Amino acid sequence: MSEHENSREVLMDPSRVCRAISKIGYSAVAAVKDIIDNSIAAEATSVTINLTLKDDTFRHNRNSISKFEIVDNGCGMDNEGIFTAFQLGSNVTYHKDSLSKYGMGMKSAGLSLGNRISVISKTNGNLTDHHHIDLDRIDETKKYNVYSRPLSAEEISYYNEIIDGEHGTVVSIDKCNFSDQASLKSVVDGLSEELGVVYYKQLTAPDSQLSIRLKEIGTSRKEEIIDGFDILFKSIAKQEFDPDNYDCTHPCKVIDTEIAIPGTEDKATLEAVIFPQAGMATAQIPQEHKELIRTYKVGRRNMGFFIYRNGRLIRWGDRIFTPFGPKEALVGKDEYGFRARLCLTSAHDDVLHVDVSKQKINLPEDVEQILRSEIVQAIKDAQHAFTLCKDKKEETGRTEGDNFNIVNQSLEEELPSGELSEEQSEISKERGLNLAAESESSKEEDEPDVVEGDRAFRRIRYSSKVLDAALYSAGFSPSEGTFVRINKNTAFYEYVLKKLNNKDNFRQVVEGLLWALAVSDNQLYKNLFDIEEETLTALLRKKNKFLSHNISNWIDDNPDIIDG
């Protein structure tokens with residue numbers, strides 16, 4: 001500092017800083033994964049995620065998790081090590097392959113889940129004190145303090161039991177009182193789907209002993225063991241794409257190379273595989289091939305680039321948008337059959353602008369051009385494969401609606417948000433039983449509940465016995481949820497749906513819309529408590545009658561559109 005310079009320390013408001021880092025952009029699933037990263041960085045071979053259901057809530061209710069707990073058997077920390085871990089921007093030197101980066105993960109991810117983070121650790125069989133930060137106390141005191149206390153005898157027994165072996169750490173997040181927090185069900189489903197892909201490298205390495213478990217506390221669901229999952233299905237993929245002999249069933253490898261990243265000495269690896277159309281699962285092919293095609297989950301969510309950093313997924317299904325706007329994405333919006341894995345290292349962080357949460361990157365134009373040139377032929381191959389699949393598909397002769405039913409086996413209906421009182425829950429359950437009984441009594445004699453040979457629940461059904469000349473009627477199964485009967489005696493069926501092929505995309509759009517309307521009818525009937533049940537039933541029936549009448553009028557007034 002020169003003799004004419006002055007300096008003055010700028011103080012930070014710790015409350016605002018903590019709230020800011022909690023809003024980096026984590027989903028609950030992403031936040032849990034960021035904390036798991038610390039366990040893997042600590043060389044844990046066992047990681048368990050315990051999610052505790054709040055009292056008096058259901059697992060599908062929003063904000064139904066009271067505590068997140070991540071337990072590992074990593075190297076552990078002493079009391080001073082935990083204090084360092086709580087520092088904002090922990091002063092730790094990370095090895096070159098570390099999953100950590102800025103020393104913010106536990107704090108930013110944890111505070112996005114709840115207002116209190118607690119850490120207890122064990123080294124050489126000795127437990128530390130209980131340490132925690134509490135955002136409510138930070139708001140009150142305007143100080144970022146780590147609070148510590150000795151463990152009680154009960155706590156010592158508990159932590160010795162859940163930490164497997166002589167070393168390990170438990171990170172707990174509670175005071176999860178956010179109104180917009182995801183439900184226990186959605187967090188468990190997200191972790192179940194993603195963890196095997198995110199930590200694929202760590203879980204499947206030849207010398208790996210890593211085990212990840214997922215538990216729900218307070219429900220009857222069994223513990224789930226997460227297996228590594230190769231999103232590219234390389235073990236069954238054909239070695240190349242041969243258009244003359246393509247079976248429209250298996251994925252095909254189209255890229256396996258290294259690419260230079262300007263500005264760094266480390267090369268990135270790029271692999272790409274193309275997949276058959278998801279609709280091949282309804283074609284006239286062997287049943288085992290249909291089941292295989294469904295496991296690929298070909299669609300918008302799983303297209304594009306799966307980007308890994310030091311062997312850990314940071315971007316899922318990224319089309320990679322450039323600074324020139326959405327139309328310049330490397331992967332087009334309809335390239336469902338193209339799937340690639342781009343593997344980076346921490347040496348690429350600065351060049352590719354990896355963010356604090358390690359969830360986003362920003363490719364410079366020169367890197368984008370390199371990637372674009374590498375994938376151009378693979379994109380053409382993916383398009384060619386889809387054309388071959390389209391040519392091979394034949395009309396299956398199934399019952400109307402069953403192509404929708406087969407493709408949408410995993411479809412789930414959205415449940416109402418908010419918590420129900422015990423009385424409301426009982427009313428909702430009773431009304432659900434009423435719906436199921438009514439659906440069973442009105443079922444036609446030859447009406448199966450599943451698609452023969454595919455065991456897919458029939459959400460879409462066609463019937464000539466729907467009452468009141470309604471366009472549709474809502475049915476309900478206690479185990480599977482809503483299904484819809486579409487009335488074959490309406491002008492809409494006769495002049496619109498009947499003219500469309502059973503596999504026609506537009507027909508399936510209409511079927512999906514009618515199913516969604518039936519879901520809304522059932523959910524209103526089950527969960528609208530301030531209207532008498534008899535009145536509510538009459539209102540829904542009258543609404544459906546008006547809907548059907550007005551659609552018929554529209555058809556009568558638009559013959560040119562219908563004929564077209």
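This is a predicted model: local features need pLDDT of at least 70, side-chain atom pairs count only at pLDDT 80 or more; totals for chains, interfaces and linings use all residues.
Helices here are DSSP runs of H or I with at least four residues, and strands are runs of E with at least two, both numbered from the N terminus. With that convention in place, the secondary structure of the chain comes to 17 helices and 17 strands.

Let me begin with the chain as a whole. The C-alpha trace spans about 90 × 65 × 55 Å along its principal axes, and of the 564 residues in the chain, 49% count as buried. The accessible surface comes to about 28,600 Å², and carbon and sulfur atoms account for 49% of that area. If we take the contacts between residues at least 6 apart in sequence, 70% of them join residues that are at least 24 apart.

Turning now to a pair of helices, how do H2 and H4 pack against each other? Helix H2, residues 28-41, and helix H4, residues 105-113, pack at an angle of about 150 degrees, with 9 Å between their axes, and H2 passes H4 in a left-handed crossing. On the H2 side the residues that take part are Ala 28, Ala 31, Val 32, Asp 34, Ile 35 and Asn 38, and in H4 they meet Gly 105, Met 106, Ala 109, Gly 110, Ser 112 and Leu 113.

Is Asn 50 buried or exposed? Its relative accessible area is 9%, and because this falls under the 20% cut-off, Asn 50 counts as buried. Leaving aside residues up to four places away in sequence, Asn 50 touches Lys 67, Phe 68, Glu 69, Val 71, Lys 215 and Ile 217. Asn 50 and Ser 172, which are 122 residues apart in sequence, are 9.2 Å apart in space, C-alpha to C-alpha.

The second residue is Ser 64, placed in the loop between S1 and strand S2, the latter covering residues 65-72. Ser 64 has a relative accessible area of 0%, so by that cut-off of 20% it is buried as well. With residues up to four places away in sequence again left out, Ser 64 touches Thr 52, Leu 53, Lys 54, Thr 57, Phe 58 and Arg 59, together with Ala 182, Ser 183 and Leu 184.

Terms used: Residues are numbered from 1 along each chain as its sequence is written. Side-chain values use heavy atoms; hydrogens and water are left out. Buried means under 20% relative accessible area, exposed over 50%, partly exposed in between (1.4 Å probe, protein chains only). Contact means heavy atoms within 4.5 Å. Accessible areas come from the Shrake-Rupley method with a 1.4 Å probe; for residues, only the protein chains shown count as cover. Axes are lines fitted to C-alpha atoms, for helices over the stretch in contact, and angles run from 0 to 180 degrees between N-to-C directions. A crossing is left-handed if the near helix is turned anticlockwise from the far one by less than a right angle, and right-handed if clockwise.
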